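Q: Could you take me through a protein structure feature by feature, giving the general idea and then the case at hand?

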Amino acid sequence: MKHFLDLASVSTAELEHLLKLAVHLKLELQSGGNRPVLQNKILGMVFQKPSLRTRVSFEVGMKQLGGDAIMLGPQEIGLGKRESIADVARVLSGYVNGIMARVFEHQHVTELAKYASVPVINGLSDDTHPCQAMADVLTIYERFGRLNGLKIAYIGDGNNVATSLLYAATHFGLDFAIATPEGYELPARVREKGAALAARSGVDVEWSTHAEQAVRGAHVVYTDTWVSMGQEEETAERRETFAPYQVNKDLMAQADPDAIILHCLPAHRGDEITDEVADGPQSMIFQQAENRLHAQKAILVKLLS
C-alpha cells in the first residue's frame, strides 16, 4: 500500500491490518504514550476545505508518534490554480515525508498521488472519505467486539461518507442498508462497485428509499449532514426532501435494541439528528470522533514508518 485514497482500491487484508494496528496504537497511548516511530517525519497537510477533526487528529497523531505536521491552507496552495497539482506534488515531496489532502474534487488527490514520490492520504474528497470509515469501523469493533454478522443502516444523502462506509462494510463483513430520497442515491458506479465487493465477501447490501425499512434490525444507525460544503444554495430544498430521514427516537425504535448511533460530524441538530438521540445513551458520536485520531495514526505508521 503506497497511498491511502479509497477503500475500494485497498485489499481486505491491508484494512484488517490497519484496524489491528489502530487498536494497538490506542491501547499504547492509553498505557503511557506511543513510541516515537515517526521521529523526524513531517506530514504536509493540504486543505481546500475548513476542518476541525481532520486537521487536529492528523496533527496530534503525528506529534504523538514523534513527528510533526505542517498546515497548508488555500491561501498557501491553490491546487491547479496558482500552481499545477503535478508541480505541488513534486515540490512537497522534496520537503515532507507524506501528504494528506482534504479537497473538493477527488481527481485532485489522485493527481497528487500520481506525481508525488511520497505517500498521499485522502483526508476527504467529494467522492470518498476513507479515513472516516476506518474510524467508524474501529468504533463499531470496540462496541461489539466483532464486525461479522452486524448490520449498518445509513440514512440520508448518498454522499462521500456513505460511499466509504459501503466499501468498509463489504471489506469487514458487515451487512449494509442505505435509505436515501429519490435523486440522492449513491452514484451508479459506486453501487456497482459496492455490489461487486459485497458479492465477493458474501454480505447483504440493501438499497431503499424508506428509512424505517433500512434500520429494521440494524446494530448501527448512521447519518450525516443533509447539506455538505458546496451545497449551501440547496439548503431549503434539501431540508424539505430529507425531513422523513431524520434519525430520531421513533426511527431508532425500529433498530436493534442495542443499536448505536454514529454521525461523522459536524451535526446539524434538529435536521438529520435530534438532540435526544445525539446525546442519548445509544450515541457514540464523540468516541467515533476521537477514533479518527487512532485510525489515522495506523495509516500514518503503515505509510511513513
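The dialogue below turns to domains, their interface, salt bridges and some local backbone features.

Q: What should I keep in mind about the model and its numbering?
A: This is a predicted model, in which local features need pLDDT of at least 70 and side-chain atom pairs count only at pLDDT 80 or more, whereas totals for chains, interfaces and linings use all residues. Residues are numbered from 1 along each chain as its sequence is written, and side-chain values use heavy atoms, with hydrogens and water left out.

Q: Into which domains is the protein divided?
A: Domain bounds come from an automatic or database domain assignment. Here domain 1 takes in 3-129 + 292-304, while domain 2 covers 132-288, and their C-alpha centres lie 24 Å apart. The contact (heavy atoms within 4.5 Å) takes 28 residues from domain 1 and 26 residues from domain 2.

Q: Which domain features does UniProt place on the chain?
A: UniProt positions are given in the numbering used here, feature names are shortened, and annotations may be inferred rather than shown by experiment. An unreviewed UniProt entry places "domain: Aspartate/ornithine carbamoyltransferase carbamoyl-P binding" at residues 2-142, a stretch that is 45% helix and 15% strand. The record also places "domain: Aspartate/ornithine carbamoyltransferase Asp/Orn-binding" (unreviewed entry) at residues 148-301, where the chain is 42% helix and 14% strand. Helices (H or I, at least four residues) and strands (E, at least two) are DSSP runs, numbered from the N terminus.

Q: How is the area buried between domain 1 and domain 2 to be read?
A: The size of an interface is often given as the accessible area lost when the parts come together. Buried area is the accessible area (1.4 Å probe) that two parts lose on being put together, summed over both. Between domain 1 and domain 2 about 2,200 Å² is buried, and carbon and sulfur atoms give 65% of this area. L7, L19 and H129 supply 28% of the area that domain 1 buries against domain 2, more than any other three residues.

Q: How many polar contacts and salt bridges cross that interface?
A: A salt bridge is a side-chain nitrogen of Lys or Arg within 4 Å of a carboxyl oxygen of Asp or Glu, and the rule finds two across the interface of domain 1 and domain 2. A polar contact is a pair of N or O atoms within 3.5 Å; within protein, one must be able to donate a hydrogen and the other to accept it, and residues adjacent in sequence count only if both atoms are side-chain atoms. Across the interface of domain 1 and domain 2, ten residue pairs are in polar contact, both residues being at pLDDT 80 or more. On the side of domain 1 that touches domain 2, the elements giving two or more residues are α1 (12-30) and α12 (285-304), and α1 gives the most, with eight residues.

Q: Is the peptide bond from L265 to P266 cis or trans?
A: Most residues other than glycine have a negative phi, and most peptide bonds are trans. The bond from L265 to P266 is cis, with omega near 5 degrees, and P266 lies in the loop between β9 (260-263) and α11 (275-278). N40, in the loop between α1 and β1 (42-47), has a positive phi near 70 degrees.
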